[in-house]
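Student: I am new to this structure and would like to learn how to read it. Could we take it one feature at a time?

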Amino acid sequence: MLSFAFITVSLAHVASVHSWGEIGLKAELTMVIRSDGGSSESPLLVEEGETLGPPHSPRNKHPHNRPHVNPHECHSHRHDKPKQLVKYGELVILGYNGYLPPGDRGRRRSKFLLFKRPIPNGVKRSKHYIVKTPHSSQAILNTKQHSISYTLSRTQAVIVEYTEDEETDMFQIGRSSESPIDFVVMDTCPGGSECGAANEGRVAQSTISRFACRILADRSNPRIARIYAAGFDSSRNIFLGEKATKWQENREIDGLTTNGVLIMHPRGQFCSGEAQCGFWREVSVGGGVFSLRESRSAQQKGNYVEDENNILQDGTLIDLCGATLLWRSAEGLAKSPTKHDLEELVDAINAGRPQCPVGLNTLVIPRKAASDTAQQQPYVYLKCGHVQGHHDWGQEEDKVTRKCPMCLVAGSVVKLTMGIEPAFYVDRGPPTYAFRPCGHMATEKTVKYWEQVAIPHGTNGYIAICPFCAVPLEGSPGYIKLIFQDNVD
């Protein structure tokens with residue numbers, strides 16, 4: 001009997017995932033070896049440099065156009081390596097240290113990987129015209145036609161039609177769980193939790209748009225990915241109401257969403273450890289870049305910024321008014337530490353057998369938050385940086401502060417936990433610093449970079465946060481150098 005190999009996707013996984021753009025997040029593509037020459041499932045083939053696309057794409061109507069595979073022809077190639085997928089980059093939500101609190105499921109996860117699709121689903125601007133009844137116009141009623149409706153008044157609107165673009169792949173982000181959304185993003189609360197999860201039974205009001213933004217990646221040049229405000233709904237429409245900020249210039253129309261989509265490009269290479277944070281800008285529905293409005297939802301748009309564009313750079317931050325995302329390019333990630341690298345750094349510190357100077361017990365830095373009863377859980381004094389175990393020495397009655405037995409400086413104490421999400425790191429150094437007041441460990445250059453980044457907060461405020469848990473940083477600076485008592489054997 002001849003054996004053959006093909007790439008297939010678990011049907012159970014496909015049934016639970018509506019957005020095929022993220023299949024491959026957990027290496028769901030598996031190599032299945034068959035020896036009986038038959039299969040009850042039809043193999044879904046992945047061509048070189050491509051991944052699976054969304055079922056709602058209008059160009060996915062003809063599955064019979066997929067190339068036929070002869071199992072006997074595959075016999076001589078059964079030892080070949082799986083073909084490499086072309087990766088555009090990753091979107092990572094600030095505030096989650098590698099996973100959502102309830103666990104990553106389907107399109108709800110802490111990060112979203114963007115791969116080149118087997119069939120392009122991008123769109124590009126085609127034509128525009130004025131109508132008196134936008135909701136009954138042919139472009140709006142046609143569910144196969146992508147269009148944007150700019151309502152000028154009750155009796156007038158500008159319809160911009162979009163046509164298929166074979167050169168781009170489109171990915172959409174928003175709060176909605178409808179099928180056009182590839183990456184479902186909910187509001188983030190400090191402490192690495194979702195705001196809605198804390199109030200079960202009561203729907204929390206969200207400031208994130210249901211169809212917040214869309215990204216168009218260039219299929220011929222994977223390094224180019226552009227971001228636009230607003231996303232197409234299930235009917236392939238975008239509506240900007242009468243009160244939405246909009247304008248016409250040079251016979252072209254554009255606009256802003258209610259709470260806006262803000263972006264900030266880093267100055268310098270993000271993964272070099274030398275980058276500085278840039279300036280927050282607002283991106284329009286048409287992809288223009290503008291200075292910020294006076295407040296988040298003000299009617300007057302900002303000034304057009306000529307020397308910046310909507311092309312995502314490695315380290316670009318995207319704020320959706322309720323959650324902030326970090327874009328990491330495939331090229332930048334190749335230069336950054338992996339999760340395995342970070343785990344090895346933790347193992348190296350633990351190999352030094354750091355001890356508590358009071359209990360004289362060996363401390364073990366956990367990769368995830370440990371329970372309160374863990375005897376080996378290390379704690380850090382946020383005033384001085386000395387790392388110790390859990391003990392009652394120096395605890396003053398009716399006070400939350402403790403006096404450090406090493407230097408006698410009084411201050412608060414917090415558990416020490418490794419920042420294990422690699423996308424937030426700007427270099428490959430040792431994790432010798434920690435954010436305060438949360439106690440997430442990271443490299444010196446990483447904590448110093450994020451300490452200077454002001455994340456939008458509310459309608460017109462900005463705060464520095466720990467990227468691993470979204471807790472606002474305290475003190476100046478908002479980090480501390482760790483002092484271990486290790487290598488004592």
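Student: How far does the backbone oxygen of Thr 151 lie from a polar atom of the side chain of Lys 246?

Tutor: First, some ground rules. This is a predicted model, in which local features need pLDDT of at least 70 and side-chain atom pairs count only at pLDDT 80 or more, while totals for chains, interfaces and linings use all residues. Residues are numbered from 1 along each chain as its sequence is written, and side-chain values use heavy atoms, with hydrogens and water left out. A polar contact is a pair of N or O atoms within 3.5 Å; within protein, one must be able to donate a hydrogen and the other to accept it, and residues adjacent in sequence count only if both atoms are side-chain atoms. Here the distance is 3.1 Å. The backbone oxygen of Glu 242 lies 3.3 Å from a polar atom of the Lys 246 side chain.

Student: Is Lys 246 buried or exposed?

Tutor: Buried means under 20% relative accessible area, exposed over 50%, and partly exposed in between (1.4 Å probe, protein chains only). Lys 246 has 19% relative accessibility, so the residue counts as buried.

Student: Where in the chain is Lys 246 placed, and which residues does Lys 246 contact?

Tutor: Helices (H or I, at least four residues) and strands (E, at least two) are DSSP runs, numbered from the N terminus. Lys 246 belongs to strand 15 (residues 246-249). Contact means heavy atoms within 4.5 Å. Leaving aside neighbours within four places in sequence, the contacts of Lys 246 include Tyr 150, Leu 240 and Asp 254.

Student: What polar contact does the side chain of Glu 282 make?

Tutor: The partner is the side chain of Arg 293, at 2.7 Å. Glu 282 lies in strand 18 (residues 281-283) and is buried, with a relative accessible area of 2%. Not counting residues up to four places away in sequence, Glu 282 touches several others, among them Leu 256, Val 261 and Phe 290.

Student: What is the strand order in the open sheet of 4 strands?

Tutor: Two strands pair if DSSP finds at least two bridges between them. In this sheet the order is 5-7-6-14, and the pairing is mixed. Strand 5 (122-131) and strand 14 (237-240) are the edge strands, each pairing on one side only. Strand 6 (residues 146-153) and strand 14 run parallel and are joined by 4 bridges. Ile 148 has Ile 238 in strand 14 as its bridge partner.

Student: How many disulfides are there?

Tutor: A disulfide is a covalent bond between the sulfur atoms of two cysteines. The rule used is a pair of cysteine sulfur atoms within 2.5 Å, and the count is 0. Cys 213 is buried at 2% relative accessible area, and Cys 277 is buried at 13%.

Student: How many aromatic pairs are there?

Tutor: Rings of Phe, Tyr and Trp (its six-membered ring) pair if their centres lie within 6.5 Å; planes under 30 degrees apart count as stacked, over 60 as edge-to-face and the rest as tilted. The count is 14 aromatic pairs. In one of them, the ring centres of Phe 270 and Tyr 449 are 5.4 Å apart and the planes are at 90°, so the pair is edge-to-face. Phe 270 lies in the loop between strand 17 (261-264) and strand 18, and Tyr 449 in helix 5 (residues 444-451), so the pair ties together parts 179 residues apart in sequence. Both Phe 270 and Tyr 449 are buried.
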